[in-house]
Amino acid sequence: MDVTAEAKQIMVQALGKMYSSRSQRGGLRLHRSLLLTLVMKSARDIYHSARLMSEKSGQSVTEECTSHTQEPMDTSSSTATPLRETSGQSSEDGQRSGLEGHPHPLNPAADKENCGPSRPDRHSRKRRSKTATDSDFIPCKKAKLECAEVRGVLQNSSANCGRALDSLSLVPMPRTIVTF
Amino acid sequence: MDGHGDGQSRWCLSQVKGAVDDDVAEADIISAVEFNHSGELLATGDRGGRIVIFQQEQENKSLPQCRAEYNVYSTFQSHEPEFDYLKSLEIEEKINKIRWLPQKNAAHFLLSTNDKTIKLWKISERDKRPEGYNLKEEDGRYRHPSSLTTLRVPVFQPMDLMVEASPRRVYANAHTYHINSISVNSDNETYLSADDLRVNLWHLDYTDRSFNIVDIKPANMEELTEVITASEFHPLQCNTFVYGSSKGSVRLCDMRASALCDQHSKLFEEPEDPSTRSFFSEIISSISDVKFSHSGRYMMTRDYLTLKIWDLHMESHPVETYQVHGYLRSKLCSLYENDCIFDKFECCWRGDDSEVMTGSYNNFFRMFEREGQRDVTLEASWENGSPGCPLKSWRVSTGSRRKRNEIGVDCLDFSRKILYTSWHPQENIVALATVNNLYLFQEKLN
């Protein structure tokens with residue numbers, strides 16, 4: 001199976017498992033939640049880095065794969081979008097080598113666009129510190145980000161992004177995965 | 001690698017306990033199995049919060065080939081479901097662990113725990129009762145003192161054996177997270193209980209206080225990367241205990257070093273093999289059980305695919321590693337999908353530490369001989385073996401060719417799993433739990 005597709009499937013399943021564990025008898029299991037969070041994070045990182053790799057190789061075949069100077073915000077990336085789909089298959093090897101513990105090719109500023117819906121609390125210091133002082137196990141009464149809101153967040157934060165919103169970005173990620 | 005060329009093992013089925021129908025009630029699923037220190041008693045706990053204790057009958061001298069059978073000795077409800085109103089959470093009554101105390105008098109004591117509360121149970125026998133009271137009739141009615149003309153001394157008369165289980169202590173409200181382990185200290189006065197983030201030390205006599213000795217909760221829960229998964233006291237050194245983590249490492253702590261043992265004395269960790277890295281590396285490296293050898297020299301850890309034996313003097317890597325079901329490495333994605341990858345298998349040592357055992361799927365269990373480096377896969381099934389008949393060993397193949405007693409990895413039944421096992425401390429009898437049955441196997445006597 002394509003690595004990106006596998007990563008996506010793993011992420012979606014992890015979310016499903018975490019949501020269903022909320023209704024489990026005995027409450028949320030910290031160990032299980034932690035493992036699911038770790039799997040989801042690594043799958044998400046691999047997914048995004050693999051997508052970036054395929055996008056880069058689609059953009060320019062002469063460019064170095066490990067270049068750290070690419071600009072995903074560039075509007076020229078929108079013209080590369082149709083190329084990305086086909087080049088994704090052929091450059092799988094390049095993707096795989098990029099997965100194995102490679103540092104994230106994106107610069108931190110661009111990274112915010114990619115992890116937008118999953119960590120909105122990073123932008124809000126107030127919410128984060130509140131979570132830290134919350135006692136354990138208090139049921140999370142915070143509103144979940146719905147699909148429409150996520151789309152809105154993405155569109156507002158990345159005006160120049162030419163990438164089509166794929167289904168993964170629309171999956172609402174719980175803000176505080178392990179905290180409860 | 002099979003242990004024996006002819007496919008026959010030394011082990012044979014002795015007994016099966018529990019209903020044998022396919023319909024399994026959730027409450028009947030066994031969740032703990034433990035022999036006591038003499039091996040005379042075997043306790044099982046289930047998801048319904050009940051404990052059933054079996055007792056080994058006196059040996060039948062006329063049948064020396066047959067070791068004594070285990071029969072029900074006592075059944076009682078240990079834990080009930082509770083509700084935490086503050087957190088709007090139900091607390092399951094499922095028994096997570098049972099640990100026996102060494103026997104000091106005629107009564108037997110055990111500790112049992114669910115997710116939040118530990119209880120000390122006294123199991124005692126009553127086979128006599130006093131008769132001949134002066135102020136009471138035999139049926140219990142009181143006699144008027146003025147009707148007494150003589151005095152007599154009540155005497156004990158034999159009665160039918162009654163086994164009573166009474167809760168002597170309830171250790172509650174000390175754990176915010178779910179308790180995964182309890183372990184009695186060799187001093188026979190204290191014990192530890194561990195949840196996901198903390199280890200507490202208790203004195204058996206005091207229920208209103210416990211001392212926190214390990215706390216790995218980060219200041220900000222979002223920075224949490226590791227939880228405690230198992231913990232045990234050293235069998236001989238009362239100051240030493242270990243705890244395993246979800247990252248695959250085990251920390252040994254010395255309580256003499258400081259009151260709070262957040263700083264470990266030893267860290268047992270094997271560097272990860274980068275060639276086997278996958279999406280699921282974190283999940284499969286999580287320690288599901290840690291057990292000291294009886295000698296106290298070694299320690300065994302179980303993670304999803306392997307059993308590792310560590311020498312306490314060497315932290316860098318285990319001295320022995322056994323593949324329990326390496327053929328599952330290529331199936332991790334499906335096992336993640338069906339949740340089996342989160343299963344927590346226990347492991348146990350033989351009484352003389354020469355062999356170790358753990359469970360697997362398809363009701364298989366694995367035994368590893370340490371000296372001879374031999375291992376065997378056996379099946380817990382009442383259909384495929386009759387009591388006394390030696391079990392045939394199995395092989396799991398990845399290929400398509402099938403020989404007898406060989407099964408393809410795709411044919412394994414992942415709903416039938418053996419998570420809980422216990423080895424008799426002196427004899428070669430093992431007890432293991434399938435979903436709702438308790439199996440007892442014993443070694444053939446030649």
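Trainee: What makes A:K17 and B:D339 a salt bridge?

Mentor: Their closest N and O atoms are 2.7 Å apart. A salt bridge is a side-chain nitrogen of Lys or Arg within 4 Å of a carboxyl oxygen of Asp or Glu, so this pair qualifies. Keep in mind that this is a predicted model, where local features need pLDDT of at least 70, side-chain atom pairs count only at pLDDT 80 or more, and totals for chains, interfaces and linings use all residues. Residues are numbered from 1 along each chain as its sequence is written, chains are lettered from A and ligands numbered from 1 in the order in which they are written, and side-chain values use heavy atoms, with hydrogens and water left out.

Trainee: How many salt bridges does the rule find across the interface of chain B and chain A?

Mentor: Six. Over all chains, the count comes to 40.

Trainee: How many residues does each chain bring to the contact?

Mentor: Chain B gives 36 and chain A gives 34, where contact means heavy atoms within 4.5 Å.

Trainee: Now inside chain B: why do B:E164 and B:R126 count as a salt bridge?

Mentor: Same test: N to O is 3.1 Å, and the rule asks for within 4 Å, so they pass. The two sit 38 residues apart, B:E164 in strand β11 and B:R126 in strand β10. Strands here are DSSP runs (E, at least two residues), numbered from the N terminus.

Trainee: Why is B:E164 called partly exposed?

Mentor: Its relative accessible area is 27%. Buried means under 20%, exposed over 50%, and partly exposed in between (1.4 Å probe, protein chains only), so 27% lands in the middle class. B:R126, at 36%, is partly exposed too.

Trainee: And what makes B:D343 buried?

Mentor: B:D343 has 15% relative accessibility, so it falls under the buried cut-off. Its salt-bridge partner B:K417, with N to O at 3.0 Å, is buried as well, at 18%.

Trainee: How do you know that B:G45 is buried?

Mentor: B:G45 has a relative accessible area of 1%, so it counts as buried. This residue is found in strand β3 of chain B.

Trainee: Which residues is B:G45 in contact with, leaving aside its neighbours within four places in sequence?

Mentor: Among them are B:I29, B:A32, B:R50 and B:I95. The C-alpha atoms of B:G45 and B:I95 are separated by 5.4 Å, though the two are 50 residues apart along the chain.

Note on methods. Helices (H or I, at least four residues) and strands (E, at least two) are DSSP runs, numbered from the N terminus.
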